[in-house]
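Please read these notes with the sequence and the structure side by side.

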Amino acid sequence: MVAGCGGDDDDGANPAPPPAKAADFPKAAGKTLAELSRGLGRGGPVLAPSVSQLTTGENRFGFGLFTRSRAQIVNATVAVYVAPAGGGQAKGPYPARFESLAVRPQFQSRQTATDPDSAKSVYVARIPFDAPGQYEVLGIARFGKRLVAATSAVPRVPVLDAAEDTIPRPGDPAPRIHTPTEADAGGDIASIDTRIPPSSMHSSDFADVVGKKPVVLIFATPALCQSRVCGPVVDIAESVKASGEGEGVDFIHQEVYRDNMIDKGLRPQLAEFNLQTEPWLFTVGKDGKVAARLEGAFSAAELDDAIRKAKAS
């Protein structure tokens, strides 16, 4: 399960929950995750991480929150706790902020509009890891005055030593990949874009513009996405592209699978970035270096911030 799975709530009809504050959640105080969850309400939600690449140091930890019947929850305040697998001492609480994935209708793809399971929101916490290894995750959700445990959909999350992270990080040179353009497609835009209608992000080849101007590069496949969040994040990129924040920036959408067929494997552009999952987004500054990277679901506000970092590079 990931942040795009499940859910039929409409964010437009649900106000954002109040910001989570660490003071509103139990202190870890040397307890294990099992000890922290004792005494909390039973039958709580499921916490579904939307990220797979975690490293030592501070991480953006995105996740969705779902009922046991797989409906997306958008009205809780949440904090996250982590501990070494096997009963180690927990750290936290790390308050999570709520991020809406809603866009105006003119930027919404047919896939997003017609898929009841497409992601509508994401919670984001900043979590530091001191050492590599396997970690367990616990969420605690607050509904009014009631606290309930949010069980992770995955039993453990791996954390790599940051020095072993092969995916380009902020400050790393961006691999100079060629991305197919609308001209390359010879009018067959569907061959390079599974979105309906196709995105407007195929005018430039990444190799031609990197190092010359800020670039947003998004690896996503709206029709074939395994995480069900590609459609919404491409919609968000289209929305931001049309905004003031997108001025002076090249936006490039790169599809994920060869010939848009899952059984043919990943396109070579993903291999150059050492990517095995989708979606991923990178912003790259005029210096040709990665300014920010986002895995999984992200909001327009997060993309705006990533673009500002690229413009400042």
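1. In which sense, parallel or antiparallel, do strands E1 and E8 pair, and over how many bridges? The model is a predicted one, and in it E1 pairs with strand E8 (residues 146-152) in the parallel sense, over 2 bridges. Within E8, Thr151 is the bridge partner of Val46.

2. E1 also pairs with strand E3 (residues 57-66), here in the antiparallel sense and over 4 bridges. On that side Pro49 has Phe63 of E3 as its bridge partner. In general, the strands of a sheet pair through backbone hydrogen bonds, whether parallel or antiparallel.

3. As for the side chains, those of a regular strand alternate between the two faces of the sheet. Strand E1 (residues 46-49) is covered on both faces, with Val46 and Ala48 buried on one side and Leu47 and Pro49 buried on the other.

4. Elsewhere, 4 strands form an open sheet of mixed pairing, in the order E11-E10-E12-E13. Strand E11 (250-254) and strand E13 (290-295) are the edge strands, each pairing on one side only, and the twist from one strand to the next averages 15°.

5. Strand E10 (residues 215-219) runs parallel to E11 and is joined to E11 by 5 bridges, with Gln254 in E11 as the bridge partner of Phe219. Helix H4 (residues 230-241) packs on the sheet and touches E10 and E11, its direction making about 165° with that of E11.

6. A further helix, H6 (residues 300-312), lies across E10, E11, strand E12 (280-284) and E13, and runs at about 160° to E13.

How values were computed: Residues numbered from 1 in each chain as written. Predicted model: local features only at pLDDT ≥ 70, side-chain atom pairs only at ≥ 80, totals over all residues. Heavy atoms only, no water. Buried < 20%, exposed > 50% of the residue type's maximum accessible area, 1.4 Å probe, protein only. Pairing = 2+ DSSP bridges. Axes fitted to C-alpha atoms, helices over the stretch in contact; angles between N-to-C directions. Contact = heavy atoms within 4.5 Å.
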